Amino acid sequence: MRAITPEKVNFIRQLPKVELHLHIEGSLEPELMFELASRNQIEIPFKTPEEVRDAYQFTNLQSFLDIYYQGANVLIHEQDFFDLTWAYLLRCKEDNVIHTEIFFDPQTHTERDISFDIACGGIYKALEKAKAELGITSRLIMCFLRHLSEEQAFETLEQAILFKDKIIGIGLDSSEQGNPPEKFARVFKKAQEAGFKLVAHAGEEGPAQNIVDALDILGVDRIDHGVRCVEDENLVQRLAEERVPLTVCPLSNTKLKVFEDMKQHNIVGLLRKGLCVTINSDDPAYFGGYMVDNFLAVAEAFDISDEELTQLSLNAVEASFVSEQEKQIMRKYISGVS
């Protein structure tokens, strides 16, 4: 890694940021996991928070998902989801994240007989508190677990429609391998008809074709990850021309061996080709870092200018699901501070 100057570190810390790819269940820090396990009398297969962190050595996406779903078992009551979300939002304040659009996975909880409204209600109350007390704006996106069936996705969408005043978008996450976008074509069509914004994970562990299919079959507004677009030069050109946002997660990509080393990552190369790439933390409790950590990791690996770092934040504003008026306010703030 390159030596990063104190001035660059300070610039990154004070740069206003917008996060568009954050799984709230993936922000469950080991200490909170233990606190909730004790509070809810849930047994977990670890004796200390350090033992949990030691288990966070992943070889691929599935090895992460196995422990991710296990950790979610401690989330039982609305207060648990509130506490989880509030802890993340305090990190946002620390990292100067001014707007965040977070994912949650209701099926992870409804499969454990935790109702949709308990999860959604706890998360939403924390987001509202953050807006009032921390000045952080937000949007909530509900994701389908792609390893589950289309029928189950339809059932979950029916529940989401009841909470449309709280949920702005529908996403698609979990195991990309063996679960291509077309599996959910009909349910995404119904979600679009219901007025939801659409996003999908594609081109992380799956091929570039999944990105094409997410755009053309699912009709998504932005692509989560998308780093394997480089396998198809025509796709890269299309993404640049159409300004299709890619919500890239650098530390996650190296932790899950999408790239062996940050120096091999293509985010800066894609930025310089004119793509609307953004920096995000994905599952920060598991992958070793929140927003500042991800920006620092990129800056340490690449000779990236302050202007380019600012552009990453401006790209995220462009890609966000807020009004044009709100975007203009954020753009002025970012450009003024940076």
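The legends below describe close-up views of a predicted model.

**View 1. Packing of helix H1 against helix H15.** Helix H1 spans residues 6-14 and helix H15 spans residues 291-301; their axes come within 9 Å and cross at roughly 145°. The crossing of H1 with H15 is right-handed. Sorted by class, the contact holds six nonpolar and two charged residues, with no polar ones.

**View 2. Pairing of strands E5 and E6.** Strand E5 (residues 197-202) runs parallel to strand E6 (residues 222-225), and four bridges join the pair. Within this pairing, Val199 lies opposite Arg222 of E6.

**View 3. Pairing of strands E6 and E7.** Strand E7 covers residues 246-248 and pairs with E6 in the parallel sense over two bridges. Asp224 has Thr247 of E7 as its bridge partner.

View 4. Helix H11 (residues 233-242) carries the chain from E6 to E7. The β-α-β crossover formed in this way is right-handed.

Key: Residues numbered from 1 in each chain as written. Predicted model: local features only at pLDDT ≥ 70, side-chain atom pairs only at ≥ 80, totals over all residues. Heavy atoms only, no water. Axes fitted to C-alpha atoms, helices over the stretch in contact; angles between N-to-C directions. Left-handed = near helix turned anticlockwise from the far one by under 90°. Nonpolar A, V, L, I, M, F, W, Y, C, P; charged D, E, K, R; others polar. Pairing = 2+ DSSP bridges. Right-handed = clockwise from strand over helix to strand, strands pointing away.
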